[in-house]
Every structure is written in C-alpha cells, then in structure tokens.
Amino acid sequence: MNVENGKKLMRPAEAAREHILSGILSGAYAPGSNLPPERDLSVIVGVTRPTLRETLRGLASEGWLSIRQGKPTVVNDYWKDGGLRLLSAMARYFRYLPPDFVGHLLNLRLDLIPAMAVRAAKNCPQALLLHLGKARNLPGDSEAYTAFDWELQRLMAEHSGNPLFSMIVNDFSEVFMALARSYFETEGGRASSAVYYRELLAAIENGNPELIAATVRKVMLESLFLWQALQPNQ
C-alpha cells in the first residue's frame, strides 16, 4: 500500500474491489442488476481493464458476481445465496451496509456467544476466570473496555472446543472493534459490562451452565437495546 502526504493509498486492485463491493452493499449495484460495461467501469473506478477483470474474477469466485461470456456481469443475491466468505467481507465493509445489518449481527451474537461461553467455561474455566479477574482494575475508557471485551470473546471461542467459533469471531473483529468503541463511549455501556464481568465470574466459579448462559444472554440483550436506542431512526 502506498503512502502519500501521510495518507494510505490503496493499490488499484484494492480500490476496484472496494468500489464494487461498497456499491453492492450500499445498493448502488443492487442484487440482480448488471454492472456497467468493463470499459465504463474501468473509467469510473480509475483502473486498467486488465486490473478490473482480475478484480471481477476474484469477486465472482467469492460469489458476489456472475460473469457471463458476452453478456453483462450480474450482481448475485448475496442475502439469499451467500455464505461465510461473503459474510466476512460484509463485516469488513459494514460501514456501507444498511443499519439493520448491525442489528442482525447483534442478534447473531445473542445466539452464538452464550453457547460459546458455556462450552469454554466447561473446558477451561481458569482461563476465563483469570481474565475476568483483571476487570477489577480496568481503566474507565472506551479503548480499555474494547480490548478487554474482545479478549474475553476470543478466549471463549478458543476454549469452546470448536475451532469454527474462533474463525467466526475473527471474521467479525473489524466490525466488533468499531461498534465496541462507540458502545463503550457511553457510560451505560461501560457500567453494564462492568456488572456483566462480575456476574459472569461468579457464575463460572459456581460452575452453573444455565447461569453462565443467562448472564451472557442478558448483557447481549442490553447491548442490542442500547445500540437501538442510539440509532436516530429507531
């Protein structure tokens, strides 16, 4: 990646990928629609046609596009036909997505993380207890809470016994960091999580799977409600 005047500049292929993906996710290139012809799109993006073709082939291999010989390139219905490879990209480009994507993501966490926590607490409770014990001395700023909470989720995934949990959690690292910083900027977000860390530590010490799941689910719901309250159109 090049640097000019202190700003990072994307390589041509990266710029082409971001333009097309942001257009797809924002609805500028809606599912079922045709992309502009290569000649026009290369001018719009500002890359050579060979670079554009390489980018299109990569996006087609991931499932975003269907390239048809002698016909326009079509945007696939990624919500209906997409898989985890697309979900990972959507998380990285979440700023281009409609607001309800974040709501869907938080609901996914609501279903995923309680089960992950129960498994991890059964397999390696000491790793979670050691980390949660550090919450007593946690600085009261957004960055500290974000880093602490991310490490807690990473430990839950790592010790769940299912490596797919770690892969899913890692895929959402970028969107989590962005959302968590905003969430923990609020006093309510920090206060809710401080209580959560204490209650989760106690539940793990008691070895109560139902209480662990309920504790995690409670804070997941609180984070969802708080995020919804922060949205101007909610």
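**Helix packing and salt bridges**

In this predicted model, Glu38 is partly exposed, with a relative accessibility of 26%. Glu38 takes part in a salt bridge with Arg49, in which the closest N and O atoms lie 3.7 Å apart. This pair links distant parts of the chain, since Glu38 belongs to helix α2 (residues 38-45) and Arg49 to helix α3 (residues 49-62), eleven residues apart. Arg49 is also partly exposed, its relative accessible area being 29%. The structure holds eight salt bridges.

Two further salt bridges involve Arg154. One joins Arg154 to Glu151, with an N to O distance of 2.7 Å. These two residues are three positions apart in helix α8, so about one helical turn separates them. The other joins Arg154 to Glu158, where the closest N and O atoms are 3.0 Å apart. Arg154 and Glu158 are four residues apart in helix α8, and therefore are also separated by about one helical turn. Relative accessible areas are 30% for Arg154, 24% for Glu151 and 42% for Glu158; each value falls between the limits of 20% and 50%, so the residue counts as partly exposed.

Helix α8 (residues 142-158) also packs against helix α9 (residues 163-171), their axes coming within 7 Å and crossing at roughly 155°. Because angles over 145 degrees count as roughly antiparallel, α8 is roughly antiparallel to α9. On the α8 side, the contact is made by Trp150, Ala157 and Glu158, which meet Phe165, Ser166, Val169 and Asn170 of α9. By type, the residues of this contact comprise four nonpolar, two polar and one charged.

How values were computed
Residues are numbered from 1 along each chain as its sequence is written. This is a predicted model: local features need pLDDT of at least 70, side-chain atom pairs count only at pLDDT 80 or more; totals for chains, interfaces and linings use all residues. Side-chain values use heavy atoms; hydrogens and water are left out. Axes are lines fitted to C-alpha atoms, for helices over the stretch in contact, and angles run from 0 to 180 degrees between N-to-C directions. Angles under 35 degrees count as roughly parallel, over 145 as roughly antiparallel, 65 to 115 as roughly perpendicular and the rest as oblique. Contact means heavy atoms within 4.5 Å. Ala, Val, Leu, Ile, Met, Phe, Trp, Tyr, Cys and Pro count as nonpolar, Asp, Glu, Lys and Arg as charged, and the others, Gly among them, as polar. A salt bridge is a side-chain nitrogen of Lys or Arg within 4 Å of a carboxyl oxygen of Asp or Glu. Buried means under 20% relative accessible area, exposed over 50%, partly exposed in between (1.4 Å probe, protein chains only).
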